[in-house]
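This report covers the contact between two chains and the surroundings of two residues. Please read it alongside the sequence and the model.

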Amino acid sequence: MGDYFDGYAIFAALAVIGGALVGGGLAANRLLRPALPTAEKLTTYECGVDPVGDHWAQSYVRYYVFAYLYVVFAVDAVFLFPWATVFSAPGFGGTTLGEMFVFLGFLAAGLLYAGRKGVLSWV
Amino acid sequence: MPDLLEIVLKLAAVAAAFGVLPLLVGQAEHKVMAHMQGRLGPMYAGGFHGWAQLVADGVKFAQKEDVVPAAADRTVFKLAPAVAIVPYLLVLLVIPVGPDGQVVLDLGLGLFFALAVMGIGVIGAIMAGWSSANKYSLLGGMRIAAQLMSYELPMVFAASSAAMAAGTLSLSGIVEAWHWYWLPWQAIGLVVFFVAGLAELRRPPFDMPLADSEIILGPYTEYGGLRFAFFLLAEYAGIVVLSALTAVLFLGGWRGPFLDAELGWLWLLVKVFALAFVVIWLRVSYPRMREDQLQKLAWAWLVPLALAQLALTGVLRVALG
């Protein structure tokens, strides 16, 4: 158990190093760059004209069905990983492989259904 | 408890690789594109072969003003470049560069770790798209989200095919289990993984979310100076990480013609740069894909192909033992 957390301590150390590289770069950059903000400079860019309307404009997220599909499939896909490590070990074999085809069948049927419903084409 | 000095040295090596390799890829992109497209600009600065162009770019980025638009969500806007770039550094932890523990962290679920952490990099770009309070950025950010959702799935399937073939999730274990016959056996997985990875990095021809000639680099529209440079670096670091993961999963990582133990890092580097060259080559050769074509490629081609690869891997693995 000790080794397990040692591994993630290294991970945390590198995350801190990464943050320090980016933060240190930006801090050093502060000495080199000018800081002369004006009201015009701080406006939102819209091809040179004054921005029209609200910045977070309302828009229709057309691909929300993809998002649902992704969540469904991704949750399934996560179970592939533990299964992948054992399926060909002694004592598993044929039956486990059959289970994989059930799994693939479900995914393929779902994909086919979504495709026939027309939700996979961007409108 | 492993030797502390060894860990410090390994972390320093990872940080050095992270500092140098993306810049080498950037330099290679300048020169390869210049040669392939007959561009004169990148071949001029500094005299011989335009070697100073990248230095000049760096100097320019370092002295530009750091503008945060008044309408932007300041905290998220400033944090986004770090979220975009640091995950690629963290993935390097689990990439093995040689046999017998020549890796910083040999996690039992290294493959899962690598995929999970790589996904975080995309969130940096989505944060940038949302926090800029700019219509181009918002459009770009939403396209990035759509692209991540469509391409993450085939990428995960292709990667788990390699894990099935090796019977382990440890990246070192996968390279140990690799044999030459994986090349034909996992060929579909290799292509699906690489293409889906390119789409996740938003490299041309999958750069609809950035589309500099249409939505002004999408989520990066409002960025300038060093923060913008960090996003560019994140793209190059992403190329390095994707090439390294592809090499480790499908091309035998540190395996080479001789001296695997001593020269493993060299064989891996050769493969990484060969794949990075392909990434640049694809950018030069193909026009940008339209948003609906992008989605269609993922759902109608890559996902079914990846499922087929899973079936093939499973059957052959059980049948041959």
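What follows describes a predicted model, beginning with the chain contact and then turning to single residues.

**Contact between chains A and B**

In this model, 62 residues of chain B are in contact with 54 residues of chain A. On the chain B side, the elements that give two or more residues are α1 (4-37), α3 (74-91), α5 (135-166), α10 (225-250) and α12 (291-320). Among these, α12(B) gives the most, with 14 residues. Sorted by class, the side of chain B that touches chain A has 42 nonpolar residues, along with 10 polar and 10 charged ones.

**Two residues of chain B**

Ser137(B) is located in helix α5 of chain B, an element that gives two or more residues to the side touching chain A. Ser137(B) counts as buried because it has 30 C-beta neighbours inside 10 Å, and the cut-off for buried is 20 or more. Leaving aside neighbours within four places in sequence, Ser137(B) is in contact with Ala128(B), Gly129(B), Ser132(B), Gly218(B), Pro219(B), Thr221(B) and Glu222(B).

Glu262(B) belongs to helix α11 of chain B, which covers residues 260-285. Glu262(B) has 9 C-beta neighbours inside 10 Å and therefore counts as exposed, the cut-off for that being 12 or fewer.

The table lists a C-alpha separation for each of these residues.

| Pair | Separation along the chain | C-alpha separation |
|---|---|---|
| Glu262(B) and Gly98(B) | 164 residues | 7.6 Å |
| Ser137(B) and Val318(B) | 181 residues | 49 Å |

Key. Residues numbered from 1 in each chain as written. Chains lettered and ligands numbered in written order. Predicted model: local features only at pLDDT ≥ 70, side-chain atom pairs only at ≥ 80, totals over all residues. Contact = placed C-beta atoms within 7 Å. Helix = DSSP H or I, 4+ residues; strand = E, 2+ residues; numbered from the N terminus. Nonpolar A, V, L, I, M, F, W, Y, C, P; charged D, E, K, R; others polar.
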